[in-house]
Number of protein chains: 2
Amino acid sequence: MPSRLQAELKQGKPFASPEHEAILSIARTASVLEHGVIEALKPHGITPTQYNVLRILRGAGKEGLCRNAVRDRLVARVPDATRLLDRLAEAGLVARDRDAPDRRYVTTRITLAGLDLLARLDQPITQLHRRQLGRLGARKLGTLIDLLAEVRGAAAPAE
Amino acid sequence: MPSRLQAELKQGKPFASPEHEAILSIARTASVLEHGVIEALKPHGITPTQYNVLRILRGAGKEGLCRNAVRDRLVARVPDATRLLDRLAEAGLVARDRDAPDRRYVTTRITLAGLDLLARLDQPITQLHRRQLGRLGARKLGTLIDLLAEVRGAAAPAE
DNA sequence: TGCAGATAGATGTTATAACACGTATAATTC
DNA sequence: GAATTATACGTGTTATAACATCTATCTGCA
């Protein structure tokens, strides 16, 4: 029986190795899930990365975070956090101040408008996530989370 | 004990739900793995998406595939397959001909230069994949592949 | 035949990603 | 304490992604 992924990608030949199939499965799954998030966020005018930033800044609270701290907390690395924050600032969702003792740092904080947007998004996004993988149940989700952590540990060893 | 992902993202608070942590885990893992592939391909001047296209066209063989067939086989959806193929054609890695009976179709085939590039990449990429997740072993990889297929089945139901 | 709709693909435009380089402030070294 | 190095951030530029719209070809049906 051909694998499910093979069918999804309309591929005739089987995969070269379990490793290869796993890599493609992870990439494919991430792409499918992100597409759902993109669609859910689109009416609100933000991207998944921007949403991620807003959540990070909400978590950071009133103290805010400097640019590199935000960048390092992002799920996917971005090489240009400055302009990512520029766009959020332009939209009024974050505010920046060079008010740290070390004047190289620029502190970014989420604004009331940003908090308001997140508040409106919390429920739909939670529901989306539940729809996307609520069927698996806590046990399988736990297994999945552990396996993925193990993958990352092997892929990017030592810290 | 805070989860591994929490530590990676320097996040203080625990995740809102297992679903949320799973979503972020998948996205994070895909990002980490892709970064490795990007670095491996960079010296050869192609991106993971372009590499994906070349592998698809090698698999299609002499008959080639039309633009939309290539697009539908890609792991991550791209909304502009025309110019993706443009760039590969410019690099001499694929060739296109409007030679199908239905003259709307443009058949794309991998060139000798494309096959040669893939031949040079096969071993390093296989080794990279083994390094990235060879440690898990066949059993865990199988579990991971199955769980991810189940996620995609739930996230994009019915076909 | 001739026309409406569907399909395959190209093109124009804007936004964002990616990369290299530049500037300001702080820490370190002598 | 002056010069050097390191860090944090910004800017300029190019390539690619994303979106809408357009043209060419085919299909089905009157």
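In what sense do strands S2(A) and S3 of chain A pair, and over how many bridges? The two strands, S2(A) and S3 (residues 107-110), pair in the antiparallel sense, over four bridges. The model behind this answer is predicted.

In chain A, three strands form an open sheet. Their order is S1-S3-S2, and the pairing is antiparallel. Strand S1 (65-66) and strand S2 (94-97) of chain A stand at the edges. Each has a single partner strand, so one side of each is left without a neighbour in the sheet. Within the pairing, A:Arg96 stands opposite A:Thr108 in S3(A). Helix H3 (residues 48-60) of chain A packs on this sheet and touches S1, S2 and S3 of chain A. The direction of the helix makes about 95° with that of S3(A).

A:Asp97 sits in strand S2 of chain A. Is A:Asp97 buried or exposed? A:Asp97 has 11 C-beta neighbours inside 10 Å, so it counts as exposed.

Now turn to chain B. Strand S1 (residues 65-66) of chain B runs antiparallel to S3(B), and two bridges join them. B:Cys66 has B:Thr107 as its bridge partner in S3(B). Strand S2 (residues 94-97) of chain B also runs antiparallel to S3(B), here with four bridges. B:Val94 stands opposite B:Ile110 in S3(B). Strand S3 (residues 107-110) of chain B has two faces: B:Thr108 and B:Ile110 form the covered one, while B:Thr107 and B:Arg109 form the uncovered one.

Next, the contact between the two chains. Chain B gives 55 residues to it, and chain A gives 54 residues. On the side of chain B that touches chain A, helix H1 (4-8), helix H2 (18-41), H4, helix H6 (112-133) and helix H7 (137-155) each supply at least two residues. Which element of chain B supplies the largest share? It is H2(B), with 19 residues. By class, this side of chain B divides into 26 nonpolar, 14 polar and 15 charged residues.

The largest nonpolar core draws on both chains. The core has 36 residues, and A:Ile26 and B:Ile26 touch the most other members. Helix H2 (18-41) and helix H7 (137-155) of chain A, together with H2 and H7 of chain B, each give two or more residues to this core. Leaving out residues up to four places away in sequence, B:Ile26 touches A:Ile26, A:Thr29, A:Ala30, A:Leu33 and A:Leu148. In soluble globular proteins, nonpolar side chains tend to be buried together.

A:Val75 lies in the loop between H4 and H5 of chain A. Why does it count as buried? The mark for buried is 20 or more other C-beta atoms within 10 Å. A:Val75 has 23 C-beta neighbours inside 10 Å, so it counts as buried. Beyond its neighbours within four places in sequence, A:Val75 is in contact with A:Asn52, B:Leu9, B:Leu24, B:Ala27, B:Arg28 and B:Ser31.

Another loop holds a lysine. A:Lys10 is found in the loop between helix H1 (4-8) and H2 of chain A. Its phi is near 50°, a positive value in a residue other than glycine. A:Lys10 counts as exposed, with 11 C-beta neighbours inside 10 Å. In chain B, B:Lys10 lies in the loop between H1 and H2. The phi of B:Lys10 is near 50°, and B:Lys10 is exposed.

Finally, the DNA. Around DNA strand D there are 18 residues, of which A:Cys66, A:Arg67, A:Asn68, A:Thr82 and B:Arg103 come nearest. Helix H4 (67-73) and helix H5 (81-90) of chain A, with helix H5 (81-90) of chain B, each give two or more residues to this surface. Its classes are six nonpolar, three polar and nine charged. DNA strand C is also surrounded by 18 residues. The closest are A:Arg103, B:Cys66, B:Arg67, B:Asn68 and B:Thr82. Here the elements giving two or more residues are H5 of chain A, together with helix H4 (67-73) and H5 of chain B. The surface near DNA strand C has six nonpolar, three polar and nine charged residues.

Conventions:
Residues are numbered from 1 along each chain as its sequence is written. Chains are lettered from A and ligands numbered from 1 in the order in which they are written. This is a predicted model: local features need pLDDT of at least 70, side-chain atom pairs count only at pLDDT 80 or more; totals for chains, interfaces and linings use all residues. A residue is near a molecule or strand if its C-beta atom, placed from the backbone, lies within 6 Å of it. Ala, Val, Leu, Ile, Met, Phe, Trp, Tyr, Cys and Pro count as nonpolar, Asp, Glu, Lys and Arg as charged, and the others, Gly among them, as polar. Two residues are in contact if their C-beta atoms, placed from the backbone, lie within 7 Å. A nonpolar core is a set of buried Ala, Val, Leu, Ile, Met, Phe, Trp, Tyr and Cys residues joined through C-beta atoms within 7 Å. A residue is buried if 20 or more other C-beta atoms lie within 10 Å of its own, exposed if 12 or fewer, and partly exposed in between; C-beta atoms are placed from the backbone. Two strands pair if DSSP finds at least two bridges between them. Axes are lines fitted to C-alpha atoms, for helices over the stretch in contact, and angles run from 0 to 180 degrees between N-to-C directions.
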